[in-house]
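Hello,

Here is the structure we discussed. My notes on it are below.

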Amino acid sequence: MTILNTEESQRLEQSRTKEKHWKRWGPYVGERQWATVREDYSYNGDAWSDFPFEHSRLRAYRWGEDGLAGVSDNHQLICFTLGLWNENDNILKERLFGVTGPQGNHGEDVKELYYYLDNTPTHSYMKYLYKYPHKKFPYEAIVAENGRRSRKELEYEIMDTGVFDDNEYFDVVFEMAKDDKDPDELYFRVTAYNRGAAPAPLHVLPHITFRNTWAWGREDPEKQPIPQLLKENTDVTSVKVDHWKLGGRRMVFAPAPPVADNLPDVEPKLLFTDNETNTQRLYGQANKHPFVKDAFHDYVVDEMAGAVNPDNIGTKAAAWFAFDQNGGVPAGDYVTIRYKLSKMNGEPQEIDEEQFDQVFALREHEADNFYWNISPMPITEDLRMVQRQAFAGLLWTKQFYNYIQDQWVNGDPSTPKPPKNRAGGRNREWKHLYIDDVLSMPDKWEYPFFAAWDTAFHCIPLAMIDPEFAKKQLDLLTREWYMHPNGQIPAYEWNFGDVNPPVHAWAAFRIFKIERKMYGREDRDFLERVFQKLLLNFTWWVNQKDSEGNSVFEGGFLGLDNIGIFNRSEPLPTGGKLEQADATGWMAFFSLQMLNIALELSKERSVYEDIASKFFEHFLLIADAMTFKYDELSDSVDTGVIAPTGRSLWNEEDQFYYDAISWGQGSASTQLPVRSLVGLIPLYACLTLEPSMLEKLPSFKKRVEWFIANRSEVAARNIASMENRGVGERLLLALVDKDRLVAILEKMLDEDEFLSPYGIRSLSKYHDKHPYAYYNNGNTYDISYLPGESDSGLFGGNSNWRGPIWFPVNFLIVESLQRFFLYYGSDLKVECPKGSGEYLNLAQVAQEIEQRLIHLFIPNAEGKRACNGDDVTASVDPFFKDYIPFYEYFHGDTGRGLGASHQCGWTALVAKWIHDVGTSCRAPDTPRPPTSAKSIANFQEMNRDHLMQYVPKSGPFPGSLTRRKSGKSLINLTAQVLEMSEEEKGIYGNESQPSTPGKHLHTRLQADSQHNQQFDYFGHPLSRESTNVSFDSEVDGDDGGLLEMIRRNLQLHASRDAVVSSDELETHN
């Protein structure tokens, strides 16, 4: 079974061809809408204070919704989320909590435990875990303790509070599945496991909420009437969902099995209110609407009977399931609720729970097939689980993002006008922005907004599983309602005008190549469309960030926050300009990626050969300006040699690139000798030219030959000559020659400098013992090695580039080494690590770095994952150890996860590395095997048990575990088997009286217990679980095909050395 032949890939194809709208519904609800720039209407731009967490349950949001395990349509008009209450909390749990930027000792940070366990690209199957304590949630204690701690101390996390001690919590597992034929038919299942040693009450309230689009005076009430949720008066618990844009739909709720065999089913109680602001509670002003946003809290927690609408109508509804009988959910047991969204079609029908559960089992099986075929290699279960959860997190962090700058600045007709020049005129130059799309977020709580360069990296693993969505992300960033008319790409909502690294051409070309390799499709229209827009972006960089016109660039912070001794987004306190080695390196990289795309497009349209020539020459000018110093100025027009800068960013003595302060053309400059990523980024700018391509493109070849002949000094310094070609007769364009490459790698592969056990550090460990300080006008600006969290408030204090390990820059380092290998081949070897005595070629070095980064996530011999740090519970506890956190960045020495805890965007790059080198990845804390070692296993003789270890497994909480059925469902099933009449069915059904919230009823139909024994994810029997009702899988039924495929792949990868595919990186004929 190939990728294109799996059920999920067929759905993707139907979505791509617009045959069916499989992506209309997905995990598009935010996890934090409060305290965002979009919701900030303050005069001073203090988004954290203007809309705090305490207001989130009271105020209607203007630009989006948030919630637990949120699902919505792709415009977030109808949202489905969860509400929970444990009878100890002061508030109904409806959204995730965390500290704000000012409250946290390292900036904003979510203080909850939740995990993205599974998701498919069409969201045909989704699984999410939230850990909810039995005890009162420690909101106040978390804020107080984090506020007390200094920046030099660790953050105070929810596990530190003790609320999860003795396993006193619920594992609340949310699942959604789509019908196999109708993408608008949605199945929801919530299973809550009591992990504690005593019964505990739990109230589960699935929410239906209309995003408030009507209160702002921008919709015509005649054409766009206020949507409506209405209880249907039938024997089935159902809600009519009527929206002017999405039409009529229906949500049906099945009764839940009770907490004890001698109790009746738990029937939900429907609650209704309106998604409107509670102005009385917020501002002491009378409410405009009698039923407001926080009504469910008032009704359930505070027992205010009049809080909800007695007419059972509104714009927000919930089904209240109360599991509070006999003390609540028994110890070690679980409860399940089921509900289903469908189009209005006749009268509502009861949910067939048996068939309902089979939908989940089948969707998860299809997900298993899809993901195994994404990486059909013999990789370990641990690696496959990391990859699967990386993909899941990447897909769960999609979010509908709505921001119309003109409306945000000027306010709405129905609301008071915002303060003049509020927020200091934030984003005032971005009046054209009109964003109304599903976007890939870095982290839906800490960064619930797109970030331009993050998005580019997200698109690499996304392209592996959903190239259409990946392409759309880059396409959107370059469209006229995103990109500034001057060509700048918006950075992020706190400051759209900030500058992110120019990585979008690289990402576009990589997506194009990945789709061609994995799916057999070439989307040249996409490549050409994005290329045309990136020409504008390239021009913006040249016009705005090369102030002296000498091809040496500034750029600002360029995504690297505090990496320098100065705040690089502000004017230098010394005066002058900061010439940035990374900015110039990025522009050389940008030039080469544009050259790559132009060459690819030239294969079918010769006009692009001229554009390719332009970027070829532009790269050489940047390379020469950055690297080589002249003694005197010369006339570039007359001599054909570029105008020299009079200075260089290369330090001959240290053999490294540094930033420099310049005071003008022709003047002296001062280098800042800080060994950081700034000096490694020039490695990115490399590209090999295939000889076959030169022959196919005669115009481009002629221009290359002319340049080499007529500008020989420049060419000789920056390009291998036509006569001295590399492996495969390739040419190499690079900022660094062989000598400088080796010199830089000597530092990069030194474990006392850049090379960590878990990847390449952002700042050399050299500065641990040799901090650098710059003195100016009585002020000291210094930097030292800081492998953990930031010790300053620069850029909010929630990120640190002075030592930790970051995935995006490591990813580009690996690719650069692979490109250099394409030219130098196996003859160029460097010592890795320095001092080890072992010499590796550059492809092997790249593989070594990839494996070190993968080691962050896989357990060592003691079962500990480096990313979990000293958290023993996370690594060893059976209810935690299989959940992988994807942090924003990692400790430079220990690998402990830092920053945002759900940075499932660029940290999901690990999924690509597992795909590429997972078959040869050694275990953490083990020596690298000798490069000459070969496998001697006879894979033909491998028996079924050996091969079965590589068969994909469903992971935590398998969907194929059928949950307990309600009494009503068992009656229906029995009636079908025994062919009961409706009268007989009614007689038995009446013996069971439903339990509704607030009532403890005592009779129940006794179901046949032999069908009621189940086991949890870990194989432990639960007190009343039914058996695993499974379907025949490929392995259980006919294992020949799958196991034989595994056997062949084992043979294919058994003795494979580090291999680099030039076709995946460069343009080919």
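This is a predicted model: local features need pLDDT of at least 70, side-chain atom pairs count only at pLDDT 80 or more; totals for chains, interfaces and linings use all residues.

Residues are numbered from 1 along each chain as its sequence is written, and side-chain values use heavy atoms, with hydrogens and water left out.

The average pLDDT (the predictor's confidence in each residue, from 0 to 100) is 87 for the chain, and 84% of the residues score at least 70. Residues 630-646 stay under 50, and the model has 31 contacts (heavy atoms within 4.5 Å) for them beyond four places in sequence.

Helix H13 covers residues 581-602; helices (H or I, at least four residues) and strands (E, at least two) are DSSP runs, numbered from the N terminus. Of its 22 residues, 22 are buried, so H13 is largely enclosed by the rest of the structure. Buried means under 20% relative accessible area, exposed over 50%, and partly exposed in between (1.4 Å probe, protein chains only). Leu 592 belongs to H13 and has 0% relative accessibility. Beyond four places in sequence, its contacts are Phe 619, Ala 685, Cys 686, Leu 687 and Leu 733.

Cys 832 to Pro 833 is a cis peptide bond, with omega near -10°; Pro 833 sits in the loop between strands E31 and E32. Lys 18, not a glycine, has a positive phi of about 60°, and at 74% relative accessibility counts as exposed.

Regards
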